[in-house]
Amino acid sequence: MTVVLIGAHGAGKTSLGRALAQELGWTFHPELGEEMALSMRLRGDASTPQEDFDRLLFERELDRDAAWTGGPRIVETWHPGNLAYAAARSPAVAHDFLSDIRASSAIAVPVRAPRSTLARRQHEPGDLSFFLQVGAAAVTWAQRLGMQVLPHVWTHSATPQGLARHLAQRLRSL
């Protein structure tokens, strides 16, 4: 089983993902884009066209999928989130990789936080409205990829460990 945490930048996907993986005893795969952005010199902000970056991100994500030997995992952002970013800033790249993505058996969990919380947590350059748009679009992409989309969770109302316990119960019942 692959569970994908999707949502706006700063929603709490990483904290929830780590707590959920610990609660379930599963592997957690953090978002590749943030790690790559730290190691590459990107011009502009998150909404600036980044075709080379987006292309490399999809290649690395697909390579990680191919290397995965199975077993349950929690993945942050993954294909629906990457498609949302690429469709907003590099549409041709999103189109080029769409046919390579196999995600229909995955389960998406939209992760949300109030706008004020997102603004406080934002550490990536870019307009908050852009990040909100991408977070919403990731849900649409998850549906388009045939993924089951669970009801959203709000990260501001409980600790990551508390949310993880609740979400783990939901996942065990599927």
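A nonpolar core is here a set of buried Ala, Val, Leu, Ile, Met, Phe, Trp, Tyr and Cys residues joined through side-chain atoms within 4.5 Å. In the present structure, which is a predicted model, the largest such core comprises 27 residues. Within this core, Ile6, Phe58, Trp78, Leu83, Ile101 and Met147 touch the most other members. Two or more residues are contributed by each of strand S1 (2-6), helix H3 (51-67), helix H4 (78-89), helix H5 (91-98) and helix H7 (128-144). The greatest contribution comes from H7, which supplies seven residues. When residues up to four places away in sequence are not counted, the contacts of Leu83 are Phe58, Ala94, Leu98, Ile101, Trp141 and Leu145.

Aromatic pairing was examined next. Such pairs are described by the distance between ring centres and the angle between ring planes. Three aromatic pairs were counted in the model. One of them is formed by Phe58 and Phe97, whose rings are stacked, with 5.1 Å centre to centre and 15° between the planes. Phe58 belongs to helix H3 and Phe97 to helix H5, so this pair ties together parts that are 39 residues apart in sequence. Both partners fall under the 20% limit that defines a buried residue: the relative accessibility of Phe58 is 1%, and that of Phe97 is 8%. Elsewhere, Tyr85, Phe130 and Phe131 are linked by ring pairs into a cluster.

Strand S3 (residues 73-76) pairs with two other strands. With S1 the pairing is parallel and extends over four bridges; in this pairing, Val75 of S3 is the bridge partner of Val4. Strand S2 (residues 27-29) likewise pairs with S3 in the parallel sense, over three bridges, and here His29 stands opposite Val75. Both faces of S3 are covered. Arg73 and Val75 are buried on one side, while Ile74 and Glu76 are buried on the other.

Most residues other than glycine have a negative phi. Thr77, located in the loop between S3 and H4, has a phi near 70°, a positive value in a residue other than glycine. Thr77 is also buried, its relative accessible area being 5%. For Trp78, phi is near 50°, again positive in a residue other than glycine. Trp78 lies in helix H4 and is buried, with a relative accessible area of 3%. Trp78 is also among the residues of the largest nonpolar core that touch the most other members.

Technical notes: Residues numbered from 1 in each chain as written. Predicted model: local features only at pLDDT ≥ 70, side-chain atom pairs only at ≥ 80, totals over all residues. Heavy atoms only, no water. Buried < 20%, exposed > 50% of the residue type's maximum accessible area, 1.4 Å probe, protein only. Contact = heavy atoms within 4.5 Å. Pairing = 2+ DSSP bridges. Phe/Tyr/Trp six-rings, centres within 6.5 Å; stacked < 30°, edge-to-face > 60°.
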